[in-house]
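Here is a short tour of one chain, written for someone who likes to know how each term was defined. Take a look at the sequence and the model first, and then we can walk through the packing together.

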Amino acid sequence: METLYSAAATLAAYLVGSLSFAVIVSRAMGLSDPRSYGSGNPGATNVLRSGSKKAAILTLLLDALKGFVPVFLVDRFGAPYGLGDGTLALVGIAAFVGHLWPVFFKFEGGKGVATAAGVLLAINPWLGLATLATWLIIAFLFRYASLASIVAAVFAPFYQLLLWGGGPIAGAVALMGLLLVWRHTANIQKLLNGSEGKLGQKRSAAAPALPPQRQGHKHGERPHHHHHHGAKR
């Protein structure tokens, strides 16, 4: 029965994690689908690029809560059902993976930063706060949300191992960290080539459209006035 309870809790956590609140909140507030603009990522940072701080804050809180609540419930009420650290670790990973590959949204999910923060805060508030502090320091110094997330993801497993020891929890934190860094591969490329957007920098709410081609120009590539005074033919 304990295995059944553990499996049920893990499945429930995945389903809760699959609620893509960036999309849900944006639809409810009449905003564009966050997968259609900016980075295309259904997460709070990209929702902020819509210009709606309220939508971004709601997304951030709800994405964090969907990581926090399943782990918190297992931690508080799981003992009588034989649910220990192993199930706690599985439930945390399941909620996080649900955000990355949500069953309700064609498995097109976000990067999992807010959800991972919620999971860590539920597993151990001090671990969560240490990781959030790391994120805030890097974000404040460098103004890159992606860099802050990557550094926090790398540091979190070390905080767990050095201060609270190994076991299934450390394994879960390390796995989430690896997945989170992997989900930021495109951001790492942009950071290296200097094209990553900084915090507070707006991108257009819709994917930037190309300017319409002007039919009058035969030499469309460079419509400068000092070349080609007459059209050929």
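Is the crossing of α8 and α10 left-handed or right-handed? The crossing of these two helices is left-handed, a term used when the near helix is turned anticlockwise from the far one by less than a right angle, with right-handed used for clockwise.

Before going further, some ground rules. This is a predicted model, in which local features need pLDDT of at least 70 and side-chain atom pairs count only at pLDDT 80 or more, while totals for chains, interfaces and linings use all residues. Residues are numbered from 1 along each chain as its sequence is written, and side-chain values use heavy atoms, with hydrogens and water left out.

**Overall make-up**

The chain has 10 helices and 0 strands; here helices are DSSP runs of H or I with at least four residues, strands are runs of E with at least two, and numbering starts from the N terminus. Of its 233 residues, 39% count as buried, meaning under 20% relative accessible area, with exposed being over 50% and partly exposed in between (1.4 Å probe, protein chains only). Among contacts (heavy atoms within 4.5 Å) with a separation of 6 or more, 64% join residues 24 or more positions apart.

Axes are lines fitted to C-alpha atoms, for helices over the stretch in contact, and angles run from 0 to 180 degrees between N-to-C directions.

| Pair | Angle | Axis separation |
|---|---|---|
| α5 and α9 | about 15° | 8 Å |
| α8 and α10 | about 120° | 10 Å |
| α4 and α5 | roughly 160° | within 9 Å |

Angles under 35 degrees count as roughly parallel, over 145 as roughly antiparallel, 65 to 115 as roughly perpendicular and the rest as oblique. The pair α5 and α9 is therefore roughly parallel, α4 is roughly antiparallel to α5, and α8 and α10 are oblique to each other.

Let us take α5 and α9 in more detail. Helix α5 passes α9 in a right-handed crossing. The α5 side of the contact includes Leu 88, Ile 93, Phe 96 and Leu 100, and the α9 side includes Ile 169, Leu 175, Met 176 and Leu 179. By class, this contact has 13 nonpolar, 2 polar and 2 charged residues; Ala, Val, Leu, Ile, Met, Phe, Trp, Tyr, Cys and Pro count as nonpolar, Asp, Glu, Lys and Arg as charged, and the others, Gly among them, as polar.

The crossing of α4 and α5 is right-handed too. Residues of α4 including Asp 63, Lys 66, Val 71 and Val 74 meet residues of α5 including Leu 88, Val 91 and His 99. This contact has 6 nonpolar, 4 polar and 3 charged residues.

For α8 and α10, Ser 146, Leu 147 and Ile 150 meet Asn 187, Ile 188 and Leu 191. The classes here are 4 nonpolar, 2 polar and no charged residues.

**Cores**

Which residues touch the most other members of the largest nonpolar core? They are Val 71, Val 74, Val 91, Phe 96, Leu 120 and Val 173, in a core of 25 residues. A nonpolar core is a set of buried Ala, Val, Leu, Ile, Met, Phe, Trp, Tyr and Cys residues joined through side-chain atoms within 4.5 Å. Helices α1, α4, α5, α6, α8 and α9 each supply at least two of its residues, and α5 gives the largest share, with 6. Apart from this core lies another, of 6 residues, among them Val 25, Val 47, Ala 55 and Ala 56.

Val 71 touches Leu 88, Val 91, Gly 92, Val 119, Ala 122 and Ile 123, leaving out residues up to four places away in sequence.

**Covered places**

Helix α6 is mostly covered, with 9 of its 11 residues buried. Those buried residues pack against α4, α5, α7, α8 and α9.

In α2, Phe 21, Ala 22, Val 23, Val 25 and Ser 26 are buried, and their cover includes α3 and α4. Gly 30, which follows α2, has a positive phi near 75°.

Finally, Gln 160 lies in α8 and is buried, with a relative accessible area of 4%. Leaving aside neighbours within four places in sequence, Gln 160 is in contact with Leu 127, Gly 165, Ile 169 and Ala 170. The C-alpha atoms of Gln 160 and Ala 170 are separated by 6.0 Å, and the two residues are 10 apart along the chain.
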